[in-house]
Amino acid sequence: MSNEPIALSAALASFDALWSPRIVTRVNDYDVRIAKVEGEHIWHVHDDTDEFFLVLDGELYISLREAAGERTVRLAQGAVFTVPRGTEHRPYAPTGAAILLFEPTGTPTVGDRHEEIPDHVDATTGHVLEV
């Protein structure tokens, strides 16, 4: 990790892969990750951690399966949302988005329990950013 300032626009311009987050920095035991997303991710659950989303560009939707039923939240540019631990969810971005995620180092992008992983989803704990 660099201890120099990181321009998120330059970091996002350094890769093209979708649903394949890059770790831009770490805060204590947490990764700060950025990702380009388009289309659908998969239904998945993080059993032991919340998942924080910040939309840097575009629009992201997150479908949630909660005790009260299924619902979808819409996140416009600049919006934040935290998916509570143990909540089954599926992010998607019909027209594409750039997002920032904040989660414990080593957290898999496909959660602890998930659907079959399609080829367009990178099952990773994040890639080191190379700018």
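**View 1. Two charges over the ring of Phe15.** In this predicted model, Arg22 lies over the face of Phe15, at 4.4 Å from the ring centre, and the charged end of Lys36 sits over that ring as well, 5.3 Å from its centre. A charge is taken to sit over a ring if NZ of Lys or CZ of Arg is within 6 Å of the ring centre and within 35 degrees of the ring normal. Because the model is predicted, local features need pLDDT of at least 70 and side-chain atom pairs count only at pLDDT 80 or more, whereas totals for chains, interfaces and linings use all residues. Residues are numbered from 1 along each chain as its sequence is written, and side-chain values use heavy atoms, with hydrogens and water left out.

View 2. Since Tyr30 lies in strand E2 and Phe102 in strand E8, the pair ties together parts that are 72 residues apart in sequence; helices (H or I, at least four residues) and strands (E, at least two) are DSSP runs, numbered from the N terminus. Tyr30 is partly exposed at 34% relative accessibility, and Phe102 is partly exposed at 30%, given that buried means under 20% relative accessible area, exposed over 50%, and partly exposed in between (1.4 Å probe, protein chains only). The rings of Tyr61 and Tyr92 are also stacked, with centres 5.3 Å apart and planes at 10°, and they link strand E5 (residues 60-66) with strand E8 across 31 residues.

View 3. Glu103 lies in strand E8 and counts as buried, at 1% relative accessibility. Leaving aside its neighbours within four places in sequence, Glu103 is in contact (heavy atoms within 4.5 Å) with Tyr30, Asp31, Arg33, His46, Asp50 and Glu51.

View 4. The largest cavity has a volume of about 130 Å³. On a 1 Å grid over the protein atoms alone, a cavity is a set of points where a 1.4 Å probe fits but cannot get out, and lining residues have an atom within 4 Å of a point; grid points are joined across faces, edges and corners, and a volume is the space filled by probe spheres set on the points. Of the 15 lining residues, the closest to the cavity centre are Trp19, His41, Glu51, Leu101 and Thr109. The largest share of the lining, four residues, comes from E8.

**View 5. Two residues with positive phi.** Most residues other than glycine have a negative phi. Asn28, found in the loop between E1 and E2, has a positive phi of about 55° although it is not a glycine, and Asn28 is exposed, with a relative accessible area of 74%.

Definitions and conventions
On a 1 Å grid over the protein atoms alone, a cavity is a set of points where a 1.4 Å probe fits but cannot get out, and a pocket is an open set with protein on both sides within 12 Å along at least five of seven lines; lining residues have an atom within 4 Å of a point. Rings of Phe, Tyr and Trp (its six-membered ring) pair if their centres lie within 6.5 Å; planes under 30 degrees apart count as stacked, over 60 as edge-to-face and the rest as tilted.
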